Amino acid sequence: FHSWSNTSGGGPVREAVFAQLRYSAELLNARCPEHLRPELYSAVCRLAGTAGFTAFDAYAHDDARRIFRFAIACAEHAGNWGMRAVALSDVARQAFLLGDHDSSLTAIESALIRADRLTPIERAMLHSFRARVLATIGRTQDALAAIARADDEFSNANSAGVSDPWHMDWYDTAEHDGEIGHALAALAMHGRTRD
């Protein structure tokens with residue numbers, strides 16, 4: 001569904017992924033060994049994230065919000081802090097693109113709660129997007145600090161010996177540089193450039 005959505009857009013994929021999400025959500029009530037529940041909730045969380053973005057792509061913003069909240073609940077139930085952070089970043093990205101910068105900043109900062117439980121690549125993704133939001137609202141020094149933090153975390157991700165979690169396969173060098181580029185462009189709009 002993720003690949004299909006990337007190549008065809010969210011509209012054509014939406015109904016198929018929604019049907020699969022409804023089915024998968026029912027599986028959360030199934031009996032299974034307790035040690036498998038975190039993986040089950042994590043998998044449903046990942047599917048919900050994909051479904052949420054298909055709704056967002058189709059301008060079904062209320063559906064996207066509802067699905068993103070479900071993804072957060074699944075991640076929390078699984079105790080998966082990394083997937084919780086990604087789900088909250090989805091909420092932040094939607095709010096940002098809809099012009100609700102305050103809600104976007106709140107969501108991204110909520111994602112950074114217990115950042116010690118996140119991998120460097122997860123922290124890099126969060127700090128880079130936080131920098132973008134801060135730059136957009138004109139908080140120059142905070143944005144510059146977030147850019148520096150994001151770059152440090154991204155560098156650490158490649159040298160820390162910690163393998164990146166599967167739910168972060170999309171956040172590569174191009175994605176990181178693009179997000180930092182958005183933040184720097186927003187800073188330039190406020191008359192500030194990176195030192």
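Select leucine 126 first: beyond its neighbours within four places in sequence, leucine 126 is in contact (heavy atoms within 4.5 Å) with Ala85, Ser89, Ile108, Ala111, Leu112 and Leu118. The model is predicted, local features need pLDDT of at least 70 and side-chain atom pairs count only at pLDDT 80 or more, while totals for chains, interfaces and linings use all residues. Residues are numbered from 1 along each chain as its sequence is written, and side-chain values use heavy atoms, leaving out hydrogens and water.

With Leu126, they touch the most other members of the largest nonpolar core, which has 58 residues. Such a core is a set of buried Ala, Val, Leu, Ile, Met, Phe, Trp, Tyr and Cys residues joined through side-chain atoms within 4.5 Å; buried means under 20% relative accessible area, exposed over 50% (1.4 Å probe, protein chains only). Helix 7 gives the most to this core, nine residues.

Now move to helix 9, residues 173-189; helices are DSSP runs of H or I with at least four residues, numbered from the N terminus. Its buried residues are His176, Glu179, Ile180, Ala183, Ala186 and Leu187. Viewed down the axis of helix 9, they fall within an arc of 115 degrees (directions from the axis to the C-beta atoms), so they line one face. On the other side, Ala174 and Met189 are exposed. Just after helix 9, select glycine 191, which takes a positive phi of about 85 degrees.

Finally, display the whole protein chain: it has nine helices and zero strands, and 47% of its 195 residues count as buried.

Methods. Helices (H or I, at least four residues) and strands (E, at least two) are DSSP runs, numbered from the N terminus. The expected span of a helix is 1.5 Å times one less than its number of residues.
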